Amino acid sequence: VVGFHHFLPESRMEGTGVEFFSLWTYGDAEWYQAIAARGYPSRQAFLSPDREPPLYRFAPGDPLGPFLKSTENDQKMKFAFFPLYPLLIHLLAPLLSLEGAAFFVANLGSFLGLLAVYRLGRELGASETTALRGVVLLALYPFGVFFQASYPEGLFLLLAALAFCLLAQRRYGASALCGALLCLTKGVGVLVTLPLLLGARLQGAKVRDLALLALVPTGLLPYMALNFARTGSWTYFNEVLVFWQYGATNPLGSLARNLTTLFLDFDALAWLSFHSSRLDALAMLAFLGLLVGSFRRIPSHLWLYAALLWLTPMLRKDLMSFGRYMSLLFPLFLYGAS
């Protein structure tokens, strides 16, 4: 809690008790709720930052005060978080509390996402037992707790699984729409384009269907336009990630450091830490093993999707949150159930 940016007063720090929905608001969840409530900074706020007053204050001399930062005093960072999840929170917030809406969207997306993974397994020819076992493995995956927390992982799972499920049904337009929405959920959503094109090509899809799927990255255009209107840069979201050191300027160097962390520095890592930890290093190794084992044993377009989502954080940052990112590799959970 200490050191994170906060949007709402932190009841766990103030000793006023904890509401149920607050239990699921942690870390990046604060940013999504801040965007849902106040949006991205205006052009004026971007050019004249740090003008918003804090949403909470501490008594003079309070030792925690300097460590708690407000999302509204560092608004440029909001652009690192993509808009579909906070938009859904914003739409439901009048009916629920802000935190309640964030929890509801995350959990509904996760539940429907698990159903979509089951359906995909069946579409690919898995037995009812195998498909169900894959869903259970995914639901019980330790880092799957982020499917319940106020994060966009559940929404991403739903849209990605639906995109491949619709592809299996040769409903290319609907699959492309899910892919485009995926681009507005998390930046890595754009990576689904190549696997969808590969899957359609292997199905013998017509040129017009391939052209539809090739439009998936255009899902980024509304957010890029917002970035340009507010900041003057079409890709300011990536500039924020680089500033946060989550967008490596030397991908091969990042890959080498992460592999070094696993094979040479593992003993020096803590089991749990904010950046690289033993748990994240083990998750990286375990899913690498699943990738190797599943090669040519699962459809090649689904293997490519899993490989791209495994490789991208290796090239762009350290191992922080690596276990969480791996919760989106549902093809490997279906493979592990077979």
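Begin with the second largest pocket, whose volume is about 200 Å³. A pocket here is, on a 1 Å grid over the protein atoms alone, an open set of points where a 1.4 Å probe fits, with protein on both sides within 12 Å along at least five of seven lines, and lining residues have an atom within 4 Å of a point; the volume is the space filled by probe spheres set on the points. This is a predicted model, in which local features need pLDDT of at least 70 and side-chain atom pairs count only at pLDDT 80 or more, while totals for chains, interfaces and linings use all residues. Residues are numbered from 1 along each chain as its sequence is written, and side-chain values use heavy atoms, with hydrogens and water left out.

Select the lining next: among its residues are Gly121, Leu124, Arg297, Pro331, Leu334 and Tyr335. Helix α17 (residues 330–337) supplies the largest share of this lining, 3 residues, where helices are DSSP runs (H or I, at least four residues) numbered from the N terminus. The lining comprises 8 nonpolar, 3 polar and 1 charged residues, with Ala, Val, Leu, Ile, Met, Phe, Trp, Tyr, Cys and Pro counted as nonpolar, Asp, Glu, Lys and Arg as charged, and the others, Gly among them, as polar.

Now select helix α4 (residues 84–92) and helix α5 (residues 98–123), whose axes, lines fitted to C-alpha atoms over the stretch in contact, come within 8 Å and cross at roughly 125°. That angle makes α4 oblique to α5, angles running from 0 to 180 degrees between N-to-C directions, with under 35 degrees counted as roughly parallel, over 145 as roughly antiparallel, 65 to 115 as roughly perpendicular and the rest as oblique. On the α4 side, the contact (heavy atoms within 4.5 Å) is made by Tyr85, Leu88, Ile89 and Leu92. Its residues divide into 10 nonpolar, no polar and no charged.

Move on to helix α7 (residues 153–168) and helix α8 (residues 172–183), where the axes come within 8 Å and cross at roughly 160°. This makes α7 roughly antiparallel to α8. Residues to display in this contact include Phe156 and Leu159 of α7, with Tyr172 and Cys178 of α8.

Finally, show α5 together with α7: their axes lie 7 Å apart at an angle of about 25°, and the two helices are therefore roughly parallel to each other. Among the residues that meet are Arg119 and Glu123 in α5 and Phe164 and Cys165 in α7. This contact divides into 14 nonpolar, 4 polar and 2 charged residues.
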